Amino acid sequence: MNKNYSIVFSIIICLCLGVFPAHAQLRAPRQADSAKKCAICHYRWVYTFFIEHKSTPIAELNESKDSVGETKMCLSCHDGSVLDSRNMVCNTPSHTSGVVPSARVTIPPNFPLSDKGALLCSTCHTPHAQLSPGESINMTFKRELNINSSLCIKCHTQNVGGTAQGNHPLTVTLEHVPEAIIKAGGRFGTEKPNQIICETCHMAHGGAGDKRLILPVMDSQSQSILCEVCHTKKAKKPNDPDTNRYAHPVDIRPGSGVQIPETWSSGEKVTLSVQGDLVCLTCHRMHTAADKEFLLNEQAGDDGLCVRCHENKSKVFESTHDLRLSNHPQKSPFGVSSARSGPCGSCHAVHTGKGPFMWARQLPPSSVCSEGYCKSCHAQGQCAEKAVPRNSAHPAAKAASVNTAGLPLFNDSCEQSAQGKVACMTCHDVHNPSPVTAITETGKKGQYLRLGESGQGALCQSCHAEQSFIRGTPHDMSIAFPGYKNALGRAPSQSGLCGTCHLVHGAILNEYMWGAPVGTDVPKEWLKAEKPSKNIMVSLCTGCHVKGGIAGKHVPRFGLHPGAFYSRISEIANKRLQLSIALFTPSGGTSPMGGIVCSTCHNSHQWDGKKKERGAGLTEGTITTSFLRPDLPRLFCSICHGTEALFKHLYFHNRPARADKKEQFPFGDLQ
């Protein structure tokens, strides 16, 4: 009897099941008010929608099976009405939903997508998930356990593998956990102490920006920027005075000499902060970076990342400052080959500089800004030991107040300053070999001068404009003596206008950076009756104006003003002399108590003292030309000589009627 009853009951059940439509079998109740727990989310199972296929005054009919996992369904409860995770889900950026995953994302088969292949809340979450121990209160309903960001890695498979794959490394540990990360909701792994995982930097619900970072990276005014929390000894603050010194500056606007490209070679847009400032992500990319080792948006080396912004420095390529071409062993200060780091990395360390300019090379002990950086290469035992200047004589301690070309000046901290001092980098542009003197296997050789393309004289004249009037005069060696050579053996065509007499490197005398012949205090050709005191200013002139010299045809018979009168210039006269005429000490300095020497009356750079213009060629001089200073008898000679000033000025070097008798000039009446 019982057996027959069971058979009959089974047949009835089968018949009943056959009555229902195939799509409704066991999926939803026939009664609208049944299984309310399910119908809260599975509202399509409600009788009106499921059986009658009608809309209600509250909701439209939605035939899509995705409605149960859509964002608006989840937010109907997670609406921020209570202060827990629902508030964060509702009011902060969350993991992208409603879009089709990119090719860089791999979705596991058990992570469902919408009919159109888009992400849903239910892709990662389901209320039917198995809870792990300890999750009974804070239920996140993830489809799989998320141990050390394992759930993130399920989909973001291309973001792991560390720098070998161009990604920020995971599983590495920190010595100390940054408090700012913990306060912002960041988490660390449990496999190792202070272990970096995805959720150390990212949070699925909340965070800053479209990458859902726990701290901002695009706000340069923020006091706590994500990258800098870990990657500096001290949290970075905007307007830090050391911004430009030991590491590449961030949180500031690019300078006028920097051209930020719109996109990198990959096509990715170049990132700047919301204020338009440089940030870490301007150069770096944390995932799928173009340069895997350094996590850069562009490959390092050659014409890579640095030159994309600093294109004006690219002339250093294939020059003697391009250490990739050097065979010297000291070309990799940090153990990174020049071929890998490129020409820039041989001298600059972007984040580990040893001084200003992110300098990578070892600075000499007690080095000063004016020369220390150059001497880190241009010194014995260093990579530029074959190019050590013989003598550097240009004064460095004086600010170039007449710097019309705007050449850079530097203070004692090696910061560029309008009130700074003249340094090597004032005149030299280490990134540009101009003017190029030769091209060899070791690169383009040059003088690396600023304004070098306009000739060496242009650089000198940018500060010493009035000295440029020497061009076209008998002191212009290019027209007076083209075969003349300076102390370095260079002809005027090589040394330039100024280099015939003055040498910044290789001078014979430090005074006036002298690189021309140096004569005696009193040449034997001069007729004299007394022994004047020694003065280097005389020797500078007699190096050429002496018998057998290049100016041997222009040797005065009487050359010096008697020394007995040097100290008899009155205080009133000194004040007048300071206007345009100077007295010189034996060492070449100027002083109110100095001596009357050649340069007191002559300005060797200006042929006609009344005309501030270049010379007109090789012409014979007159009483107003011949490099004489203007109004000498009236302004200078008359101070002591009164009405005889013009006469004594006119015949100072060649006294009439007495020259052949070798008589001395009668100054006795003034003694």
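These are my notebook entries on what I looked up in this structure, which is a predicted model.

**Entry 1: aromatic rings**

I began with the aromatic side chains, and a search of the whole structure gave 5 aromatic pairs. One of them joins phenylalanine 357 and phenylalanine 410, whose ring centres are 6.2 Å apart and whose planes stand at 75°, so I noted the pair as edge-to-face. I then looked up where the two residues sit: phenylalanine 357 is in the loop between helix 13 (338-345) and helix 14 (372-375), while phenylalanine 410 is in the loop between helix 14 and helix 15 (424-427), so that the pair links distant parts of the chain, 53 residues apart. Phenylalanine 357 is partly exposed, at 28% relative accessibility, whereas phenylalanine 410 is buried, with a relative accessible area of 5%.

Next I turned to tryptophan 359 and tyrosine 373, whose ring centres lie 5.4 Å apart with planes at 90°, so this pair is edge-to-face. Tryptophan 359 belongs to the loop between helix 13 and helix 14 and tyrosine 373 to helix 14 itself, so the pair ties together parts that are 14 residues apart in sequence. Tryptophan 359 is buried at 11% relative accessible area, and tyrosine 373 counts as buried at 9% relative accessibility. When I put the ring pairs together, I found that they link Phe357, Trp359, Tyr373 and Phe410 into a cluster.

I also looked for a charge over a ring, and I noted that arginine 324 lies over the face of phenylalanine 317, at 5.5 Å from the ring centre.

**Entry 2: salt bridges**

Side chains of opposite charge can pair when their charged atoms come close. With that in mind I searched the whole structure, and the search returned 11 salt bridges. In one of them, lysine 154 meets glutamate 144 at 3.5 Å, N to O. This pair links distant parts of the chain, 10 residues apart, with lysine 154 in helix 7 (residues 150-155) and glutamate 144 in the loop between helix 6 (121-124) and helix 7. Lysine 154 is partly exposed at 38% relative accessible area, and glutamate 144 is partly exposed at 24% relative accessibility.

Because they are 4 residues apart in helix 8 (residues 179-184), about one helical turn separates them. Lysine 183 and glutamate 179 are both exposed.

I compared this with the salt bridge between glutamate 644 and lysine 648, where the distance is 3.0 Å, N to O. Here glutamate 644 is partly exposed, with a relative accessible area of 38%, but lysine 648 counts as buried, at 9% relative accessibility.

I then followed strand 1 (residues 436-440) and strand 2 (residues 443-446), which pair in the antiparallel sense over 4 bridges. The two strands form a hairpin with 2 residues between them, and within the pairing alanine 438 stands opposite lysine 445 in strand 2.

**Entry 3: buried residues**

In helix 22 (residues 632-641) I listed Leu632, Pro633, Phe636, Cys637 and His641 as buried. Seen down the helix axis, these buried residues fall within an arc of 120°, so they line one face of helix 22. Just after helix 22, glycine 642 takes a positive phi of about 60°.

I asked myself which residues have the most contacts inside the largest nonpolar core. They are Met537, Val538, Leu540 and Val597, in a core of 14 residues. Helix 17 (477-480) and helix 19 (536-542) are the elements that give two or more residues to this core, and helix 19 gives the most, with 4 residues.

Last, I checked for positive phi values in residues other than glycine, and threonine 171 has one near 70°. Threonine 171 lies in the loop between helix 7 and helix 8 and is partly exposed, at 37% relative accessibility. Leucine 295 also has a positive phi, of about 55°, and is found in the loop between helix 11 (280-283) and helix 12 (305-309), where I noted leucine 295 as buried, with a relative accessible area of 9%.

Conventions
Residues numbered from 1 in each chain as written. Predicted model: local features only at pLDDT ≥ 70, side-chain atom pairs only at ≥ 80, totals over all residues. Heavy atoms only, no water. Phe/Tyr/Trp six-rings, centres within 6.5 Å; stacked < 30°, edge-to-face > 60°. Buried < 20%, exposed > 50% of the residue type's maximum accessible area, 1.4 Å probe, protein only. Lys NZ or Arg CZ within 6 Å of the ring centre and 35° of its normal. Salt bridge = Lys/Arg side-chain N within 4 Å of Asp/Glu carboxyl O. Pairing = 2+ DSSP bridges. Arc of directions from axis to C-beta. Core = buried A, V, L, I, M, F, W, Y, C linked by side-chain atoms within 4.5 Å.
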